[in-house]
Amino acid sequence: MFSFAGAFHFRFWKGGRWIDVVVDDRLPTDPWGALIYAPKSRRDEFWCALAEKAFAKLHGSYEALVGGNVAEAFEDLTGDKFHAEQAAESTSSFSKNSSS
């Protein structure tokens with residue numbers, strides 16, 4: 001069994017350096033207790049909603065995440081540039097391997 005302090009630490013790459021973001025475990029819900037953001041998460045799984053909350057904090061608000069850029073998000077999460085050619089190759093290779 002594990003315990004936690006109600007705070008979660010994330011690290012994102014922004015502006016050429018790693019930025020630490022800490023969020024609490026309070027997540028926005030509707031009147032019925034369902035998550036407002038990251039609603040496709042399983043009812044007992046919160047990592048996605050917590051990561052989204054940290055990402056929203058990094059960018060100033062949840063609204064700032066609407067219509068975001070995949071390449072920018074990839075860089076923020078990994079610290080590496082997104083290379084569309086490599087992604088296309090990986091996807092193509094994966095499709096070929098999974099169909100055999």
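The structure is a predicted model, in which local features need pLDDT of at least 70, side-chain atom pairs count only at pLDDT 80 or more, and totals for chains, interfaces and linings use all residues. Residues are numbered from 1 along each chain as its sequence is written, and side-chain values use heavy atoms, with hydrogens and water left out.

To begin with the overall layout, the chain holds 3 helices and 2 strands, arranged along the sequence as β-β-α-α-α. Helices (H or I, at least four residues) and strands (E, at least two) are DSSP runs, numbered from the N terminus. Of the 100 residues in the chain, 19% are buried, where buried means under 20% relative accessible area, exposed over 50% and partly exposed in between (1.4 Å probe, protein chains only). The accessible surface comes to about 7700 Å², and carbon and sulfur atoms account for 58% of that area; such areas come from the Shrake-Rupley method with a 1.4 Å probe, and for residues only the protein chains shown count as cover. Among contacts (heavy atoms within 4.5 Å) between residues at least 6 apart in sequence, 38% link residues at least 24 apart.

The two strands come next. Strand β1 (residues 7-14) runs antiparallel to strand β2 (residues 17-24), and 8 bridges join them; strands count as paired if DSSP finds at least two bridges between them. Alanine 7 has aspartate 24 of β2 as its bridge partner, while tryptophan 13 stands opposite tryptophan 18 in β2. The hairpin has 2 residues between its strands, and glycine 15 there adopts a positive phi near 60°.

The largest nonpolar core has 12 residues, among them Phe10, Phe12, Ile19, Val21, Leu35, Ala38 and Phe55. Such a core is a set of buried Ala, Val, Leu, Ile, Met, Phe, Trp, Tyr and Cys residues joined through side-chain atoms within 4.5 Å. At least two of the core residues come from each of β1, β2 and α1 (47-59), with α1 giving the most, 4 residues. Alanine 38, a member of the core, touches Cys48, Ala49 and Glu52, not counting residues up to four places away in sequence.

Finally, aspartate 76 lies in helix α2 (residues 70-78). Its relative accessible area is 4%, so aspartate 76 is buried. Apart from neighbours within four places in sequence, aspartate 76 is in contact with Phe12, Trp13, Lys14, Trp18, Phe55 and His59.
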